[in-house]
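Q: Could we go through this structure together, one feature at a time, so that I learn how to read each of them?

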Amino acid sequence: MRRLINGRSYVSGGARSAVILRPAVGISARESGMAFEGFWWRMMSDSASMEKVSLQNDKGKKENSGAEKERSKENRVVSSYWGVSQPKIIREDGTEWPWNCFMPWETDRADLSIDLTKHHVPKNFIDKVAYRTVKILRVPTDLFFQRRYGCRAMMLETVAAVPGMVGGMLLHLRSLRKFQQSGGWIKALLEEAENERMHLMTMVELVQPKWYERLMVLTVQGIFFNAFFVLYILSPKLAHRIVGYLEEEAIHSYTEFLKDINSGAIKNVPAPAIAIDYWRLPKDATLKDVVTVIRADEAHHRDVNHFASVSITLC
Ligand SMILES: [Fe+2]
Ligand SMILES: [Fe+2]
């Protein structure tokens, strides 16, 4: 039986049983009803008595259907994620919000109250390797992009959307291999990848990549995807710690982006339609609003990945 729970249709285990069982119950009731009625047709000629029997049958059918509904309620599987059902989001104009929620356990809006200054102080060897790796990677990035923050964001988002997909894929495979649940991590990481891809879809509305930048993305993706894949297999802890520190750098970059918007060095143009819809921003939102919500997303990814670094194993 296909149902719509919280705006998402799915087939539940309980409903499947109901589909299998109902025809058998229906046939049985129909057959016994026919035998019952046939018996009374033969035995009784009084029409008033027949009417009474018919009413009793109707009442019995209603009671059966009520009991069946109760059974169906008991078997109902609630679609939930980390114990929280995802709400159906309706826009102000009454239409349904079509995007995947980028904040899976709490809200469909960016959390602007998140602490942007939080920093994980490197404590052990893995932390120090991750921290140094990110600091080294930042040098060529700063040299290449300098203060071209629109271009920088667009190019770096093509990389930022890779780790969540690799991590989600490998945890998916672990779940299959070990016959175990993932504890919600597969979905969390895939949603992070989706959220990063939406950052890119927004940035590409503002900055059109040049041919050599497209070539660079191809090369970087080929190298980074494979390197991160191998790294994640060797050490998910190190992989997530590196992403945690990359996200700290992303917060820094978007803060600098906002400084340039505030100073007028970058024009505060109207927000792209896709961003207004995805983050449910006001119709007159600007680039500054978009960069602010993206920065909040990055702070959220920072916390998720630093937490994943101490929580996730692949064996
Ligand atoms: Fe991003
Ligand atoms: Fe991010």
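A: Let us start with one of the annotated residues and its contacts. In this predicted model, Glu-157 touches Glu-196, His-199, Leu-200 and Met-203, once residues up to four places away in sequence are left out.

Q: Where does Glu-157 sit, and is Glu-157 buried or exposed?

A: Burial is read by counting neighbours, with 20 or more other C-beta atoms within 10 Å making a residue buried. Glu-157 is placed in helix H4, which covers residues 149-178, and because 20 other C-beta atoms lie within 10 Å, Glu-157 is buried.

Q: Which residues does His-199 touch, and what does the neighbour count say about His-199?

A: His-199 belongs to helix H5, residues 185-206, and, residues up to four places away in sequence not being counted, His-199 touches Glu-157 and Ile-294. His-199 counts as buried, because 26 C-beta neighbours fall inside 10 Å.

Q: Which residues does UniProt list under "binding site"?

A: Such an annotation comes from a record and may be inferred rather than shown by experiment. The unreviewed UniProt entry lists Glu-157, Glu-196, His-199 and Glu-298 for "binding site". These residues span 142 residues in sequence, yet no two of their C-alpha atoms are more than 10.7 Å apart, so they gather at one spot.

Q: Which residues does the annotation "transmembrane region" cover, and what is the secondary structure of residues 153-173 and of residues 215-234?

A: Here one sets the record beside the model. The unreviewed UniProt entry gives "transmembrane region" for residues 153-173 and 215-234. Residues 153-173 are 100% helix and 0% strand, with their end C-alpha atoms 31 Å apart, while residues 215-234 are likewise 100% helix and 0% strand, with 29 Å between the end C-alpha atoms.

Q: How does the span of helix H3 compare with the span expected at 1.5 Å a residue?

A: Helix H3, residues 125-145, has 21 residues and reaches 31 Å from its first C-alpha to its last, which is close to the expected 30 Å. Just after H3, Gln-146 takes a positive phi of about 50°.

Q: How many helices and strands does the chain have, and what share of the contacts joins residues 24 or more positions apart?

A: The chain has nine helices and two strands, and from the N terminus the elements run β-β-α-α-α-α-α-α-α-α-α. Among contacts with a separation of 6 or more, 73% are between residues 24 or more positions apart. Of the 315 residues in the chain, 24% are buried.

Conventions:
Residues numbered from 1 in each chain as written. Chains lettered and ligands numbered in written order. Predicted model: local features only at pLDDT ≥ 70, side-chain atom pairs only at ≥ 80, totals over all residues. Helix = DSSP H or I, 4+ residues; strand = E, 2+ residues; numbered from the N terminus. Expected span 1.5 Å × (residues − 1). Buried ≥ 20, exposed ≤ 12 C-beta atoms within 10 Å, placed from the backbone. Contact = placed C-beta atoms within 7 Å.
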